[in-house]
Amino acid sequence: MNKAIFLDRDGVINVERGEYTFRPEDFTIEKGVKEALEILKEKGYTTVVITNQAGIAKAIYTKEDVEACHAKMHEQLPGLIDDVFYAPYYPPLSESLGRKPGSLLFERALALYHVDPQQSWMVGDNDRDLVPARKLGMHTIGIGVAEKFPSADACVSSLLEAVTNVIMK
Ligand SMILES: [Mg+2]
């Protein structure tokens, strides 16, 4: 069995702008993310981004826009993110268990990469990111103030802090 780190995208990998990020020029990697992912890869973790992209269902942007942002992400974090799953749904326009807090995309990734949830972590900046991971038996870390995260095992201020102060401890 493998161990994995699951990551939300906006607010964890790239800067949360308070609005939809769908243009590559607006997609800025957070400080310390590259270093954090390098540590995780060196320690043998599979790294998977799981992101809700409701703007597709709302027709604010397209799958091609999302793919272009992810191409930039992979270009700036070469070999550091093994896979990206995104949920292009928005209730009530479209319902799906793939949209967090639904756990379908996590379950798919666990099966695809033969991951042991008990050796794995989810890092998110919204409690909704952590709920499905917790349900599946993973450890959870919130980025932000503790009050926001009833489902978190730990709260930190960045992915780098999550890796160095919690996961590697
Ligand atoms: Mg987020």
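**Terms and their grounds**

Author: Let us begin with strand E1 (residues 4–7) of this predicted model. Ala 4 and Phe 6 point one way from E1, Ile 5 and Leu 7 point the other way, and all are buried.

Reader: Why do the side chains point in two directions?

Author: In a regular strand the side chains alternate between the two faces of the sheet.

Reader: How do you know that E1 pairs with strand E2 (residues 46–52)?

Author: Pairing requires at least two bridges. E1 and E2 are joined by 4 bridges, so they count as paired. The two strands run parallel, and Thr 46 in E2 is the bridge partner of Ala 4.

Reader: What joins E1 to strand E4 (residues 121–124)?

Author: There are 3 bridges between E1 and E4, which run parallel. Trp 121 in E4 is the bridge partner of Ile 5.

Reader: Which elements make the β-α-β unit?

Author: E1, helix H1 (residues 33–42) and E2 make this unit, and the unit is right-handed.

Reader: How do you know that Asp 127 has no salt bridge?

Author: Asp 127 lies in helix H5 (residues 127–135) and is buried. A salt bridge needs a distance within 4 Å.

Reader: What makes the pair of Asp 127 and Ser 151 a polar contact?

Author: The limit is 3.5 Å, and the side chains of Asp 127 and Ser 151 are joined at 2.8 Å. The value is therefore within the limit.

Methods:
Residues numbered from 1 in each chain as written. Predicted model: local features only at pLDDT ≥ 70, side-chain atom pairs only at ≥ 80, totals over all residues. Heavy atoms only, no water. Buried < 20%, exposed > 50% of the residue type's maximum accessible area, 1.4 Å probe, protein only. Right-handed = clockwise from strand over helix to strand, strands pointing away. Lys, Arg positive; Asp, Glu negative; His and termini not counted. Salt bridge = Lys/Arg side-chain N within 4 Å of Asp/Glu carboxyl O. Polar contact = N/O pair within 3.5 Å; in protein donor to acceptor, adjacent residues only side chain to side chain.
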